[in-house]
Amino acid sequence: MDIKKLEAWYELNHRKLLFRETTDPYKIWISEIMLQQTQVETVLPFFEKFIKKYPTVEMLAQSDQETLKKDVEGLGYYRRFKYMLLAAQQITNNNHGFPKTYEEVLALPGVGSYTAGAIMSIAYDKPYSALDGNVIRVLSRYLNIDDDFRIEKNRKQLDQINQTYIKKANPRIYTQSLMELGALICRPKNPKCDICPLKEHCQAFELSIQEQLPVMSKLKDKKEFSYITLKLYDKNNQIVLRKRTESLLEGMYEYPQFESESIMDVISKLESKDIFIDIIDKKQQVKHVFTHQVWYMDVYEARLLKNQDASWIFVDKNQIKKLPMAIAHRKIK
Ligand code: SF4
């Protein structure tokens, strides 16, 4: 591979992203966790605010799950932040500073081989492969590999190839070069091959099959759920919320909702538990698309007349915005 050309291209052309202007392993770690399944543009303002609030791993370790969820509300995939806090507390308790070896970094809660490779190469300049979606795209095209990269075995093979390249490179620059090339030049559609530093030996370019690679088998269709969602008020005009215990969005607050398409069905389910409500109004229909699910919510405004569910909590309306809440329910007006 034309590693020198690639690195020279990076030095001249990379975006001056806040989290790329540091070699602090703590900041690289935070940025890589935030970037999982999330666009750079979305991450940037969150990252800036987060680092201002938690400039060190010790300060992050003093936070708590609920505060942290509120800090990152809107980024989605909240379980990663649960592990982030656990990892920060683990690092702080160990008292040896941020881990310095690949094995120690990989052992942190919520850190997989990609994130460990990114931290080792970008922060410590050590030759460890970091294979994300951008890197898979560049390498599969450059080498004309048409394996299905949804399959773990094929990703591992490409990871090993990348490992041989990074050993001959400047690890810090190399990892970021491939990520940046994938983001700016070797894009999924309309790659800018004419200005690509790898075009001379790129096999997909030579064969004009760039857009056929990488091969990724189709993900299963998203599962769809219909909910009746209640904006439920008690006699003091406090509103009812519950804290999710399900693995999706665990710890986030939401309005009570029931998997059903019929408000009558929900009313009778509640009545069977001796809970009585009075429907005031049908407010709105809200759709929210997650990676693997779609929620269709019929939202009703209602008054709580008698009794309550043990999982419900009652809050003032203006308190809601201070609590971590999934965007799916933030959309409810
Ligand atoms: S030449 Fe085109 S397909 Fe090949 S790596 Fe560069 S941008 Fe991607």
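Two strands are taken to pair if DSSP finds at least two bridges between them. Helices (H or I, at least four residues) and strands (E, at least two) are DSSP runs, numbered from the N terminus. In the predicted model described here, local features need pLDDT of at least 70 and side-chain atom pairs count only at pLDDT 80 or more, whereas totals for chains, interfaces and linings use all residues. Residues are numbered from 1 along each chain as its sequence is written.

Strand β5 (residues 276-289) and strand β6 (residues 293-306) run antiparallel and are joined by twelve bridges. Val289 has Val294 of β6 as its bridge partner. In total, the protein contains 14 helices and seven strands. Its C-alpha trace spans about 70 × 50 × 30 Å along the principal axes.

The protein is divided into domain 1 (3-212) and domain 2 (223-330), with bounds that come from an automatic or database domain assignment. The centres of the two domains, taken over C-alpha atoms, are separated by 37 Å. Nine residues of domain 1 are in contact with nine residues of domain 2, contact being defined as C-beta atoms, placed from the backbone, within 7 Å. On the domain 1 side, helix α5 (residues 65-71) gives the most, with four residues. The residues of that side divide into one nonpolar, three polar and five charged. For this division, Ala, Val, Leu, Ile, Met, Phe, Trp, Tyr, Cys and Pro count as nonpolar, Asp, Glu, Lys and Arg as charged, and the others, Gly among them, as polar.

Buried residues make up 34% of the 333 residues. A residue is buried if 20 or more other C-beta atoms lie within 10 Å of its own, exposed if 12 or fewer, and partly exposed in between, with C-beta atoms placed from the backbone. A nonpolar core is a set of buried Ala, Val, Leu, Ile, Met, Phe, Trp, Tyr and Cys residues joined through C-beta atoms within 7 Å. The largest such core has 80 residues, of which Ile28, Ile30, Ala88, Ile119, Val135, Val138 and Tyr142 touch the most other members. Both domain 1 and domain 2 give residues to this core, so it lies between them. Not counting residues up to four places away in sequence, Ala88 touches Val57, Leu60 and Ala61.

The shell around the ligand holds 14 residues, and Cys186, Cys193, Cys196, Cys202 and Phe205 come nearest; a residue is near the ligand if its C-beta atom, placed from the backbone, lies within 6 Å of it. Two or more residues of the shell are given by each of α9 (133-142) and α12 (203-207). Helix α9 gives the most, with three residues. By residue class, the shell divides into eleven nonpolar, one polar and two charged.

Helix α9 is mostly covered, with eight of its ten residues buried. What covers these buried residues includes α10 (152-167), α11 (171-184) and α12. After α9 comes Asn144, with a positive phi near 50 degrees.

Pro171 is placed in helix α11. This residue counts as buried because it has 20 C-beta neighbours inside 10 Å. Not counting residues up to four places away in sequence, Pro171 touches Ser121, Asp125, Lys126, Pro127 and Ile166. Pro171 and Ala118 are 53 residues apart in sequence, with a C-alpha to C-alpha distance of 9.5 Å.

Definitions and conventions. Contact = placed C-beta atoms within 7 Å.
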